[in-house]
Amino acid sequence: MSEPTLHDRYHLIGIGGAGMSVVAELLASRGAIVEGSDREESAVLEHLRSVGVRTFVGHDASHLDATSVVVVSTAIRDDNPELAVARERGQAVIHRSQALALAASGMRFVGVAGAHGKTTTSGMLAIALSACGLDPSVAVGGVLPQLGTGAHLGGGDVFVAEADESDGSFLNYSPVIEIVTNVEPDHLDRYHSREEFEEIFVEFARRLVPGGLLVTCAEDEGAVRLAQSARGEGLRVVTYGRVDRSPHTPDVVISDVRDEAHGAGASLTWGEHAASLTLRVPGEHNVLNATAAWVAGIECGLEPQVIADGLGEFTGAARRFEARGHVGTRRLFDDYAHHPTEVEAAIREAQVVSGEGEVTVVFQPHLYSRTRIFAERFAQALSGANHVVLTGIYGAREDPEPGVDSTLISSRVEGASYVEDMHEAARLAATLTPEGGVCLTMGAGSITHCASDVLEEWKRMEA
């Protein structure tokens, strides 16, 4: 495969999105002229302007320079006026993942994939490698507070990036290390079956450079099948997990797991390698995420306890159980969870943090297809909370489906409320949260903008 070549000028459609904004910042860091458009003004656009990226609010063909390479994601529709004029002119149009591969050219690429945990795991590894002095380049689909961004062009030769399976675009990468946190079926509007979803990860494993390493979780059935397939093809594979939660003994054994309100930890053993892990973020799932990053750090040449200590510097990522404020003894957190397994994990984390307090969730389902397919499982996951409020569905790239709304979930959760407007739903959730309780705004859409509704309602209640 020939080395990709950076171009002089790029135009990103939907530049304010989590993944696109990262690519924009990285391309600009490498000296390209970068501009782009998004539907509405946002803090992301403001940040991009501060680093020299020109942004437009609204999509219009006049925004597009005829010399630009146009970058799109799967979410951009064919009738977008900028995309339409680019195709009329015969301008180059590439996918976001291809642009990211260009930004990473010449570096050791570490791709972090999986249905859940990509942002946290890649963020953990990025912060740990930085703490250990490797100064990696980073492309994470969420802001890392310690970096102030999800994108960073470092001075080292390691590039840590999320690798997105949702549209198969992670097949554009050639990693030296792949982390697959899990292969639990998702995006079934595209893949249609578990087998089809798992096959794309098999293809991803085949994208490893010769001698590269695949790191997978031994506690996840799909990841176990991936490890077996990869080993059968002669690839290097390392699995990690707790012995009592894994069908086969993992290569990296996690033991003595601790999960408390202020953080989590465990003992890690991988052959002759051993380390004590102490994290500043809670959650047993975060112990698993950190273990994957620990293996990758060792593969990058770091000593076991050194990389473990580096992982202890990670303080979280935006929208991954992110503290958003408190009023009196009531606390508010925000989480990106939008798959039943993620919802269940976030609620467990909230229960640990709340202690004896109650947990209230205001959940905005993401995608009509996902709501329809996983309605029963969402209901089971949400039932772990003391109080549940559902908003209307955030359709994102999808058009509404007849008969599909949030009542498919709320009707299955005892005592749950359905309020179409997310701001009204957030205010209701605030009133349901007693003193000493935790309220969790949750979903991959716009629900994150409702923090002020909850906090203001709590202030009113205490007045």
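Student: Which residue takes a positive phi in the hairpin of strand 16 and strand 17?

Tutor: That is G328, with a positive phi near 65°. The hairpin has two residues between the strands. Bear in mind that this is a predicted model.

Student: How do strand 16 and strand 17 pair?

Tutor: Strand 16, residues 322–327, runs antiparallel to strand 17, and they pair over five bridges. In that pairing, H326 stands opposite R331 of strand 17.

Student: And in what sense do strand 17 and strand 21 pair, parallel or antiparallel?

Tutor: Parallel, over five bridges, with strand 21 covering residues 438–442.

Student: Why is strand 17 described as largely enclosed?

Tutor: Strand 17 is residues 330–335, and five of its six residues are buried, so the rest of the structure largely encloses it.

Student: What does UniProt list for residues 319–445?

Tutor: An unreviewed UniProt entry annotates residues 319–445 as "domain: Mur ligase C-terminal". In the model that span is 35% helix and 22% strand, and its end C-alpha atoms lie 11 Å apart.

Student: Which residues does the N-terminal catalytic annotation cover?

Tutor: Residues 10–105, as "domain: Mur ligase N-terminal catalytic", again from an unreviewed UniProt entry. Over residues 10–105 the chain is 39% helix and 22% strand, with end C-alpha atoms 16 Å apart.

Student: Switching topic. Which residues does UniProt list for "binding site"?

Tutor: The unreviewed entry lists G114, A115, H116, G117, K118, T119 and T120. K118 is in helix 5, residues 118–131, and T120 is in helix 5 too.

Student: Is K118 buried or exposed?

Tutor: K118 is buried, because its relative accessible area is 12% and the cut-off for buried is under 20%. T120 is also buried, at 10%.

Student: What is T120 in contact with?

Tutor: Leaving out residues up to four places away in sequence, T120 touches N286, N289, F314 and R320. For K118, with neighbours within four places left aside, the contacts are V112, A113, E162, A163 and E165.

Student: What span should helix 9 have at 1.5 Å a residue?

Tutor: Helix 9 is residues 284–299 and should span 22 Å; its end C-alpha atoms are 23 Å apart, which agrees. Just after helix 9, G301 takes a positive phi of about 105°.

Student: Where does R242 lie?

Tutor: In the loop between strand 12 (236–241) and strand 13 (252–260). R242 counts as buried, at 10% relative accessibility. Not counting residues up to four places away in sequence, R242 touches E219, I254, V257, E284 and L288.

Student: How many residues are in the largest nonpolar core?

Tutor: 49, and those with the most contacts inside it are Y10, L12, F159 and F201. At least three residues come from each of domain 1 (9–100) and domain 2 (106–312). A second, separate core has 46 residues, including L129, V252, A290 and A296.

Student: What does F159 contact?

Tutor: With neighbours within four places in sequence left aside, the contacts of F159 include L26, L100, M107, F109, V110 and V138. As background, nonpolar side chains in soluble globular proteins tend to be buried together.

Note on methods: Residues are numbered from 1 along each chain as its sequence is written. This is a predicted model: local features need pLDDT of at least 70, side-chain atom pairs count only at pLDDT 80 or more; totals for chains, interfaces and linings use all residues. Side-chain values use heavy atoms; hydrogens and water are left out. Helices (H or I, at least four residues) and strands (E, at least two) are DSSP runs, numbered from the N terminus. The expected span of a helix is 1.5 Å times one less than its number of residues. UniProt positions are given in the numbering used here, feature names are shortened, and annotations may be inferred rather than shown by experiment. Buried means under 20% relative accessible area, exposed over 50%, partly exposed in between (1.4 Å probe, protein chains only). Contact means heavy atoms within 4.5 Å. A nonpolar core is a set of buried Ala, Val, Leu, Ile, Met, Phe, Trp, Tyr and Cys residues joined through side-chain atoms within 4.5 Å. Domain bounds come from an automatic or database domain assignment. Two strands pair if DSSP finds at least two bridges between them.
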